[in-house]
Amino acid sequence: KLYVTINNETHTVSMENNISTQALVTALQTADIIYEAHDYNNFEKVGNIGQTFPTDDQQITTSAGDLMLYNGDNICIFYGSNSWLYTRIGKFDNMSAEEVRQFVKAGKNNVTVRLSLHPQNTSIHEHSSDQNKNGPTYIITGQLAPKNHKGIVIQNGKKIMK
């Protein structure tokens, strides 16, 4: 999973498996990527990430919640639709178009975006109706925790010490 944080709110993204996401994961193993994103044409927040990744561009029609790599060095978070040559990074998990618009502050000021492979010290929002105290647990890297795992885990969006 990729964790995207804006204004102390974090959401998860299920990533594609391609050369771009592989390069992104490698970079994120060293340090988080933090960049400023601005609105573009009332359908996306886009910003230069300060490094260039290989691309696998395809003609894609986007929808709200899509993350795309553009020109190898810009990441677009879509809250609307566009058709262009992009490399798909992934899609937000369980978020409606309106939730994506609110999260990215669509049509408002620029936002600072943090991309990471681990949750930040913020609230992680899961949009699921089946959350309960016995929900799945994840280790800090976002992978499912083994049954008898000891240490910090994430369960139902909360950090728990086991």
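This report describes strand pairing, aromatic pairs and helix packing in a predicted model.

## Basis of the values

Residues are numbered from 1 along each chain as its sequence is written, and side-chain values use heavy atoms, with hydrogens and water left out. Because the model is predicted, local features need pLDDT of at least 70 and side-chain atom pairs count only at pLDDT 80 or more, whereas totals for chains, interfaces and linings use all residues.

## Strand S3 and its partners

Helices (H or I, at least four residues) and strands (E, at least two) are taken as DSSP runs and numbered from the N terminus, and two strands are said to pair if DSSP finds at least two bridges between them. Strand S3 (residues 33-40) runs antiparallel to strand S9 (residues 111-116), to which five bridges join it; here Ile34 stands opposite Arg114 of S9.

S3 is also joined by three bridges to strand S4 (residues 44-48), again in an antiparallel arrangement, and Tyr40 has Glu44 in S4 as its bridge partner. The two strands S3 and S4 form a hairpin with three residues between them, and Asn41 in the turn has a positive phi of about 55 degrees.

## Aromatic pairs

Rings of Phe, Tyr and Trp (its six-membered ring) count as a pair if their centres lie within 6.5 Å, with planes under 30 degrees apart called stacked, over 60 edge-to-face and the rest tilted. The count by this rule is five aromatic pairs. One of them is the stacked pair of Phe43 and Phe78, at 6.0 Å centre to centre with 5 degrees between the planes. This pair links distant parts of the chain, since Phe43 lies in the loop between S3 and S4 and Phe78 in strand S7 (residues 74-78), 35 residues apart.

Phe43 is buried (under 20% relative accessible area, with exposed over 50% and partly exposed in between, for a 1.4 Å probe and protein chains only), at a relative accessible area of 10%, and Phe78 is buried at 0%. Phe78 also forms an edge-to-face pair with Tyr86, at 5.3 Å centre to centre and 75 degrees between the planes; Tyr86, like Phe78, is buried. Ring pairs link Tyr40, Phe43, Tyr70, Phe78 and Tyr86 into a cluster.

## Helix H1 and its cap

In helix H1 (residues 19-28) the buried residues are Ser20, Thr21, Ala23, Leu24, Ala27 and Leu28. Seen down the axis of H1, they fall within an arc of 160 degrees, so they line one face of the helix, the arc being that of the directions from the helix axis to the C-beta atoms. These buried residues pack against strand S1 (2-6), strand S2 (9-15), S3, strand S6 (66-70), strand S8 (83-92) and S9, where contact means heavy atoms within 4.5 Å.

Asn18, in the loop between S2 and H1, counts as buried at 12% relative accessibility. Its side chain caps the N-terminal end of H1, with an oxygen 3.0 Å from the backbone nitrogen of Ser20, while a polar atom of the Asn18 side chain lies 2.8 Å from the backbone nitrogen of Thr21.

## Helix H2

The buried residues of helix H2 (residues 97-104) are Val100, Phe103 and Val104, and they cover an arc of only 85 degrees around the axis, which puts them on the same side of H2. They pack against S1, S2, S4, S7, S8 and S9. After H2 comes Lys105, whose phi is positive, near 60 degrees.

Definitions and conventions: Polar contact = N/O pair within 3.5 Å; in protein donor to acceptor, adjacent residues only side chain to side chain.
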